[in-house]
Amino acid sequence: MTTLFAKSALLPTGWAENVRLSVDANGSLTAVEPGATPGDAERLAGPVLPGMPNLHSHAFQRAMAGLTERASPTGDDFWSWREAMYRFLAVLEPEDVRAIAAQLYLDMLKAGYTGVAEFHYLHHGRDGRPYTDRAAMSEAVIAAAKETGIAITLLPALFLSSGFGGAAPTESQRRFVNGVDDMMALIETTRRRHAGNPEVRVGLAHHSLRAVSPDALAAATAALRALDPEAPVHIHVAEQTREVEQCLAWSGARPVQWLLDYAPVDRSWCLVHATHMDEAETRRLAATGAVAGLCPTTEANLGDGFFPLLPYMEARGRWGVGSDSHVSLSPIEELRWLEYGQRLRERRRALAPLGQPESTGLVLWQSAVAGGAQALGRGT
């Protein structure tokens, strides 16, 4: 047991003075005593904040940050960026991914992120065939997390098709593709290898409604629940207006609407982006207790749009932030972009407190810490 002492610390109830913190051998916080005396505790310099969970990461994309910052003659958007990303990842091997992730995770820790949800869809070799160890790429990012000391929630991503209705994967996507049985075998293997390590959590990602059929989504979710009823489930959804249009053409429903109608969305789910929701979707998502995974710097970089933060918070929706493509590794910048984007949209100031006389920064930080921890499966 290690004992620490902070002159001031931010607790769920707000700022407290003279706080004694007890940490066990696994690095877990076991006791918090405000108004305490330091005794023989190690004294911490400066105010102490809870670490920020990073609820959405594609580690390999850190190494391509900046490579896409040139406009093409025909215009540039998310979809052209995605093609550049496919070309980049085509050459990566597990040792490359481990090196990229290790540097990334170290930089995250320096910036104030203490846990990361790795939304991991790069599984196979460059020819699209599985490695001898199907979990080689997953093990690469877990090894990087262990090496640097960041807690990781690994989310191996199910990916089956290139578009709504089961369109065949493209050549650029062949490294992503696993059937439900193969995906569950990978998850079981990873869980077994890291059982007992509190710093490694394993869940499941559905890449998107474009890439996962309804039957596969249902089967994989049910199989995960049989392994771990509380394991995190993440999905990209409603990031781009084209995705909304394609989903309407395929199903007659908007993406978040479809997911809430047909999937068992609850507190263990994280809907990443959810940028383009109508009023009914916003209220319904908030009511599930699921987390909206917001990545403001990446969403701005890709020209996605603005998440409906104010009505979502008014409906008591839970949310957290992630660095996603890692054009920024600052949680402060994510929160600033989130608040300032809403100010530009509404042409008003200090919006996150919802009219209450509270610190904007305090509301943003505490909300993102709580939602992020829930999304990583590391508490509420």
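In what order do the four strands of the open sheet lie? The order is E3-E2-E1-E4, and the pairing is mixed. Strands here are DSSP runs of E with at least two residues, helices are runs of H or I with at least four residues, and both are numbered from the N terminus. Two strands are taken to pair if DSSP finds at least two bridges between them. The model is a predicted one, in which local features need pLDDT of at least 70 and side-chain atom pairs count only at pLDDT 80 or more, while totals for chains, interfaces and linings use all residues. Residues are numbered from 1 along each chain as its sequence is written, and side-chain values use heavy atoms, with hydrogens and water left out.

The edges of this sheet are strand E3 (29-33) and strand E4 (42-43), each of which pairs on one side only. Strand E1 (residues 2-11) runs parallel to E4, and two bridges join them. Within this pairing, Phe 5 has Arg 43 of E4 as its bridge partner. Helix H12 (residues 360-375) lies across E1 and strand E2 (14-23), at about 135° to E1. That angle is taken between N-to-C directions on a scale from 0 to 180 degrees, with axes fitted to C-alpha atoms, for helices over the stretch in contact; contact means heavy atoms within 4.5 Å.

The loop between E3 and E4 holds Asp 40. The C-alpha atoms of Asp 40 and Phe 5 are separated by 9.0 Å, although the two residues are 35 apart along the chain. Asp 40 counts as exposed because its relative accessibility is 71%. In this scheme buried means under 20% relative accessible area, exposed means over 50%, and partly exposed lies in between, with a 1.4 Å probe and protein chains only.

The description now turns to the protein as a whole. It contains twelve helices and 13 strands. Its radius of gyration is 21 Å, close to the 21 Å that the globule rule gives for 380 residues, so the protein is as compact as a globular protein of that length. The radius is taken over C-alpha atoms, and the rule is 2.2 Å times the number of residues to the power 0.38. Along the principal axes, the C-alpha atoms fill a box of roughly 65 × 50 × 45 Å. Of the 380 residues, 55% count as buried. Among contacts between residues at least 6 apart in sequence, 71% join residues at least 24 apart. The accessible surface comes to about 16400 Å², and 51% of it belongs to carbon and sulfur atoms; this area comes from the Shrake-Rupley method with a 1.4 Å probe.

Side chains of opposite charge can pair when their charged atoms come close. A salt bridge is defined as a side-chain nitrogen of Lys or Arg within 4 Å of a carboxyl oxygen of Asp or Glu, and a search of the whole structure finds 18 of them. One of these joins Asp 127 to Arg 129, with the closest N and O atoms 2.7 Å apart. Asp 127 is partly exposed at 38% relative accessibility, whereas Arg 129 is exposed at 58%.

Another salt bridge joins Asp 133 to Arg 193, with the closest N and O atoms 3.1 Å apart. This pair links distant parts of the chain, 60 residues apart: Asp 133 is in the loop between strand E6 (113-120) and helix H3 (136-148), and Arg 193 is in helix H4 (residues 180-193). Asp 133 is partly exposed, with a relative accessible area of 29%, and Arg 193 is partly exposed at 41%. Asp 133, Glu 139 and Arg 193 are linked in a network of salt bridges.

Glu 199 and Arg 378 also form a salt bridge, at 3.4 Å from N to O. Glu 199 lies in the loop between H4 and strand E8 (200-202) and Arg 378 in the segment after H12, so this pair ties together parts that are 179 residues apart in sequence.

Backbone angles close the account. Most residues other than glycine have a negative phi. Arg 316, not a glycine, has a positive phi of about 65°. Arg 316 is found in the loop between helix H10 (309-314) and strand E13 (318-321), and is exposed, with a relative accessible area of 74%. Ala 350 likewise has a positive phi, near 50°. Ala 350 lies in the loop between helix H11 (331-346) and H12, and counts as partly exposed at 35% relative accessibility.
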